[in-house]
Amino acid sequence: MLAAAVLAAGLPGPAAAVILAVTDTGSSYSLTLRVGAASGVDTVQFNVTGNNAGLTPTAVAATAPIDVWVTPLRPVNLLMVGEVRPIKLRVDSSTGLACQSGGCGTTVIPFSKISWTASNNGAAGSGDIQSGTFNPTNPMQYITSPAAGFNANATTCILVVCNYQSSGISATRLQFIYANDVVYPAGNYRGTVRFTATME
């Protein structure tokens, strides 16, 4: 079972809200991945101007953070009480931020120049997203810990209807930061990071 979402990030670049639910045909398993707001368009934008574009650059925070949710569901079944269904969240940042306009030509800024600070998150042991940096050399970089995930093995009941549901990732906030430690040609750059959630 797989859900995928795309987050665009750039200098500047918009990221459309993505809510994607995938249900396994013929069963009650499902996995919902949401990146960004429930409606509208989120913008992950870095403005490198003034002194930050000169000889004394400092890191630049994005103008707005992005929230991430991962919600798995599985059916109640007494025979599955001890079943382990790992949930993993990965990102692919291998493409880089390519020049769009402004005289920067064919320059591509690697996503390794962008990190994130996670807040409203659980401890690493819970499998929630922790602070980190994109790794373009690993197209399926894990972004949760430990072992990049958690198990969908808790139980919730409403009246007599029960589903197994993990605590998931709920509104974990990612504040992105551009390192700004290399002087690239002036211009507008845009790139895409793909988030993928799986229930295994």
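## Overall architecture

The secondary structure of the protein comprises 18 strands and 0 helices. The model is predicted. Of its 200 residues, 38% count as buried. The protein exposes about 9,500 Å², and carbon and sulfur atoms contribute 56% of that area.

Among contacts with a separation of 6 or more, 70% are accounted for by residues 24 or more positions apart.

## Strand β17: Thr 172 and Ile 177

Strand β17 spans residues 169–178 and contains Ile 177; Thr 172 lies in this strand as well. Thr 172 has a relative accessible area of 0% and is therefore buried, the limit being under 20%. Ile 177, in contrast, has a relative accessibility of 24%, so this residue counts as partly exposed.

Beyond the residues up to four places away in sequence, Thr 172 touches Ile 66, Asp 67 and Val 68, the run Ala 118, Ser 119, Asn 120 and Asn 121, and also Asp 128 and Ile 129. With neighbours within four places likewise set aside, Ile 177 is in contact with Phe 46, with Ala 59, Val 60 and Ala 61, and with Lys 113, Ile 114, Ser 115 and Thr 117. The C-alpha atoms of Ile 177 and Gln 45 are separated by 9.7 Å, although the two residues are 132 residues apart along the chain.

## Strand β18: Thr 198

Thr 198 belongs to strand β18, which covers residues 188–199. Its relative accessibility is 10%, and Thr 198 therefore counts as buried, a class that requires a value under 20%.

The C-alpha atom of Thr 198 is 5.6 Å from that of Ile 87, a residue 111 positions away along the chain.

## The largest pocket

The largest pocket has a volume of about 300 Å³. Its lining consists of 20 residues, and those nearest the centre of the pocket are Val 48, Ala 53, Tyr 184, Pro 185 and Ala 186.

By residue class, the lining of the largest pocket divides into 13 nonpolar and 7 polar residues, with no charged residue.

Terms used. Residues are numbered from 1 along each chain as its sequence is written. This is a predicted model: local features need pLDDT of at least 70, side-chain atom pairs count only at pLDDT 80 or more; totals for chains, interfaces and linings use all residues. Side-chain values use heavy atoms; hydrogens and water are left out. On a 1 Å grid over the protein atoms alone, a cavity is a set of points where a 1.4 Å probe fits but cannot get out, and a pocket is an open set with protein on both sides within 12 Å along at least five of seven lines; lining residues have an atom within 4 Å of a point. Grid points are joined across faces, edges and corners, and a volume is the space filled by probe spheres set on the points. Ala, Val, Leu, Ile, Met, Phe, Trp, Tyr, Cys and Pro count as nonpolar, Asp, Glu, Lys and Arg as charged, and the others, Gly among them, as polar. Helices (H or I, at least four residues) and strands (E, at least two) are DSSP runs, numbered from the N terminus. Buried means under 20% relative accessible area, exposed over 50%, partly exposed in between (1.4 Å probe, protein chains only). Contact means heavy atoms within 4.5 Å. Accessible areas come from the Shrake-Rupley method with a 1.4 Å probe; for residues, only the protein chains shown count as cover.
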